[in-house]
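Good morning, and thank you for making time for this presentation. Please keep the sequence and the structure in view while I speak.

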Amino acid sequence: MAENVLKALIFDVDGTIADTERDGHRVAFNLAFKETGLDWSWSVELYGKLLSVTGGKERMKYYLDNYNTDFKKPDDLSGFIAELHQLKTRHYTELMTKGDIPLRAGVERLLVEARQQGVRLAISTTTTPKNVEVLLSQTLGAKSLAWFDVIAAGDIVSSKKPAPDIYDYALKELGLDASECLALEDSHNGLVSSLGANLKTIVTINEYTDDDDFAGAAMVLNHLGEPNKSNTCLSGFSCRNSYVDIDCCRAIIAG
Ligand code: XBP
Ligand code: MG
């Protein structure tokens, strides 16, 4: 059987491209709650529990149903949550323009190498398209948006991660088969989603996901590494170098 040839990398965003959850999204949610006059406040610890639900709107509903049942829900709860989420997104994009949250190790290097070697790039994320645009523009410059053939984000699909829909959508828009692509994720929900789309997947853990179940991942790493900053392979395939480069991605697909 012919070896599969790597045609595209599909990146998750939050927790994978950058550690945006604790000091980005969580802070933006709390700013929106405060501005709306709500006494809700998501601590670092509580937010780690709420991250089991992907999607900011869905996360707020989960919070009310499980952690703040005394809150008197308005008749139009979904409208109320949608408005709160728009406010949260405004705060998040403002926070991101401050540039305080950098790309994770190895991300820019792998993106640049992929482009140099003709490997296409795509994004599959639960977050809002606006959030992706501001994060990429802030960290890589506005031109970087054009690096990605597909930016599949947020409500473009009805079922969010761990459902495979967002990855299926990205593959369809890329016009590629899952066997020709590699996903990069950070969480259990993200991995279930990418595996559900039959994608081999590299996981880079972070402080919120280090205890997640990563069964089925091709590789689990502490980060993608740099030539001068070795990574640690926690499980699965190990690259020839102590950092993930395109050759390593090709070897995972070919295997
Ligand atoms: C992470 C998520 C998102 C963010 C919040 O997305 O689940 O919901 O936490 O962003 P991914 P929104 O790991 O798939 O990039 O409030 O815009 O949903
Ligand atoms: Mg993620």
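Let me begin with a definition: a salt bridge is a side-chain nitrogen of Lys or Arg within 4 Å of a carboxyl oxygen of Asp or Glu. By that criterion, the side chains of Arg120 and Asp149 meet in a salt bridge, at 2.5 Å from N to O. Arg120 lies in strand β2 and Asp149 in strand β3, so this pair ties together parts that are 29 residues apart in sequence. Helices (H or I, at least four residues) and strands (E, at least two) are DSSP runs, numbered from the N terminus.

Two remarks on the source are in order. This is a predicted model, in which local features need pLDDT of at least 70 and side-chain atom pairs count only at pLDDT 80 or more, while totals for chains, interfaces and linings use all residues. Residues are numbered from 1 along each chain as its sequence is written, chains are lettered from A and ligands numbered from 1 in the order in which they are written, and side-chain values use heavy atoms, with hydrogens and water left out.

How accessible are the two partners? Buried means under 20% relative accessible area, exposed over 50%, and partly exposed in between, with a 1.4 Å probe and protein chains only. Arg120, at 30% relative accessibility, counts as partly exposed, and Asp149, at 43%, also counts as partly exposed.

The whole structure contains 18 salt bridges. One of them joins Asp155 to Lys57, with the closest N and O atoms 2.8 Å apart. This pair links distant parts of the chain, 98 residues apart: Asp155 is in the loop between β3 and α7 (165-174), and Lys57 is in helix α3 (residues 56-66). Lys57 is partly exposed, at 22% relative accessibility.

A further salt bridge is formed by the side chains of Asp247 and Arg250, at 3.2 Å from N to O. The two residues are 3 apart in helix α9, and are thus separated by about one helical turn. Asp247 is partly exposed at 40% relative accessible area, and Arg250 is partly exposed at 28%. Elsewhere, salt bridges that share partners join Lys57, Glu58, Asp155 and Lys160 into one network.

The nearest side chain of opposite charge, Arg240, is 5.1 Å away; here Lys and Arg count as positive and Asp and Glu as negative, with His and the chain ends not counted.

Which residues donate to the magnesium ion (ligand 2)? The protein donors are Asp12 (OD), Asp14 (O) and Asp186 (OD), lying 2.1 to 2.2 Å from the ion. Donors are N, O and S atoms within 2.8 Å of the metal (3.2 Å for Na, K and Ca); water is not among the atoms, so sites may look incomplete. Asp14 lies in the loop between β1 (8-11) and α1 (21-35) and Asp186 in the loop between β4 (181-185) and α8 (188-196), so the pair ties together parts that are 172 residues apart in sequence. Asp14 is buried at 10% relative accessible area, and Asp186 is buried at 6%.

Finally, helix α6: its buried residues are Asn131, Val132, Val134, Leu135, Leu136 and Leu140. Just after α6, Gly141 takes a positive phi of about 95°.
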